[in-house]
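Colleague: I would like to go through this model with you. Could we begin once it is on the screen?

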Amino acid sequence: MHMSMNDIDVFISYKHETSKPVADAVCHALEDKRIRCWYAPRDAGTGPYARAITNAINSCKVFVVILNTEASDSHHVLNEVEKAYKRVDNGLVIIPFKVDSPKVSDEMEYYINRMNWIDAMTSDLERFIGELVTKVENIVGPTSQKAKASSERRKNDFLGDTPSIEKELSRSMAQARFVNFYLDRIYENITKDLKSFNVLDVGSGGGHQISTSVVIRPELNKVIGMDINEEAIKLSNEKYGSDKIKFYCSDCESREFEDKLLEVMKENDICSFDIINISFLLLFLKDPSKVIMVLKRVLSENGCLIIADIDDGFLIAYPDNNLIFEEAFDILSKYNTSGYRKSGREIYYTLKGADINDISLKHTGLSTIGVPIEVKKDLFQTYFGLIPIVLEEALSIDDNNPYAITDTEWYCKNKKNIEDEFYGKEFMMIAGIIVYVAK
Ligand SMILES: C[S@@+](CC[C@H](N)C(=O)[O-])C[C@H]1O[C@@H](n2cnc3c(N)ncnc32)[C@H](O)[C@@H]1O
């Protein structure tokens, strides 16, 4: 799914051979502010190049040209500037961003001498890029309808160097079975008419969830899993790796992520993905819309994003006479490992913030009512198996952490009661899990 032309705020024109790092930095800074950029080759798609460039220039509101001597001499850059110049009377703003005191050719001078320069010396590039972002923000106006990164969100890689990683990867197997009980029908609907499909799983963890779901279908072509945690990637490849299923280490919030993704796609002969699966990742991200914007660029024309995430607002345990479930959920939400617990209700805005508009809510609150006992057991493990892991992790960071010490004592005392009450015939639990499908 390539960017629709209505989505473009800024076209970035530059000489690829000499200014790619500057263009990348400019694009990154603008997209950090939710300003949508178009630059080649990233956004050019697979159709005719010249047409894609012309359409993009005809649709953008601001045209930034990164100008050095080579760009000023470049036939391509000059062509783009010329096209942009034709739209100046219709409101397009051209901003030449001068780097390295370029010698500007007469032809280029003709087009840009009346424009608003930014004289950027590379030694203080960041400051000038800041100036450019402010200028562009003033032109394209407020981005209020788009989701802002919530100030409560913290980047958090969940597992880090936790001593309990093996325990966690085994717990997440139960979670995978529980979630797939609900997701299998969604995968089935999406893939039933496809002759061949590719899947990307971002934040793939131990690889269980994706490797035990849609990918068992014979029409599967390739699955790529990506996760920030090297150990998780190693274990995923050992357990599930094959010609069709491969896992790679990458931080999806890093600048390198998109390049890494494109490199992996090339290596595996994948043009785009039919399913992008994101389960229980967004709650660990600082700015999930930004990640979705990157993923949108590698989603196929009719491809789908399937997103499952946590929201404790939907979490219910009833009856809870001794408030042990309330206490258990409180432990699960208060440590750093727990991520942002309102992430589920923000999926909609996260998708809107990435200019995705075809959004369907599929599940809210996955319940223990009317499900086989195995599914109930998996839900138990999903939630309550996490408590000792979260506490071990907190104590491994600071073994004097008074909260973790008290909570560990409480858990040891109440572990058996939690289990007895959970399996009581009068008891129900609704997991705070939300699932969306978007195109
Ligand atoms: C709760 S686990 C979910 C694993 C798997 N998707 C599942 O549903 O079983 C969250 C995963 O996200 C990964 N993660 C966290 N931040 C990440 C980031 N910035 N980039 C890539 N992966 C990340 C963690 O390492 C962890 O494996």
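Colleague: What should I know about the source?

Modeller: This is a predicted model, in which local features need pLDDT of at least 70, side-chain atom pairs count only at pLDDT 80 or more, and totals for chains, interfaces and linings use all residues. Residues are numbered from 1 along each chain as its sequence is written.

Colleague: Which domains is the chain divided into?

Modeller: There are two entries, domain 1 (5-140) and domain 2 (165-438), with bounds from an automatic or database domain assignment. Their C-alpha centres lie 39 Å apart. Five residues from domain 1 and five residues from domain 2 make the contact (C-beta atoms, placed from the backbone, within 7 Å).

Colleague: Turning to the ligand, which residues come nearest?

Modeller: Of the 23 residues around the ligand, they are Gly203, Gly205, Ile228, Asn229 and Ser279; a residue counts if its C-beta atom, placed from the backbone, lies within 6 Å.

Colleague: And which helix supplies the largest share of that shell?

Modeller: That is α7, with three residues; helices are DSSP runs of H or I with at least four residues, and strands are E runs of at least two, numbered from the N terminus.

Colleague: Which residues of α14 are buried?

Modeller: Asp378, Leu379, Thr382, Tyr383 and Phe384 are, buried meaning 20 or more other C-beta atoms, placed from the backbone, within 10 Å of the residue's own.

Colleague: What do they pack against?

Modeller: The buried residues of α14 pack against α7, α12 (324-334), α15 (386-397), α16 (402-422) and β13 (428-438).

Conventions. Two residues are in contact if their C-beta atoms, placed from the backbone, lie within 7 Å. A residue is buried if 20 or more other C-beta atoms lie within 10 Å of its own, exposed if 12 or fewer, and partly exposed in between; C-beta atoms are placed from the backbone.
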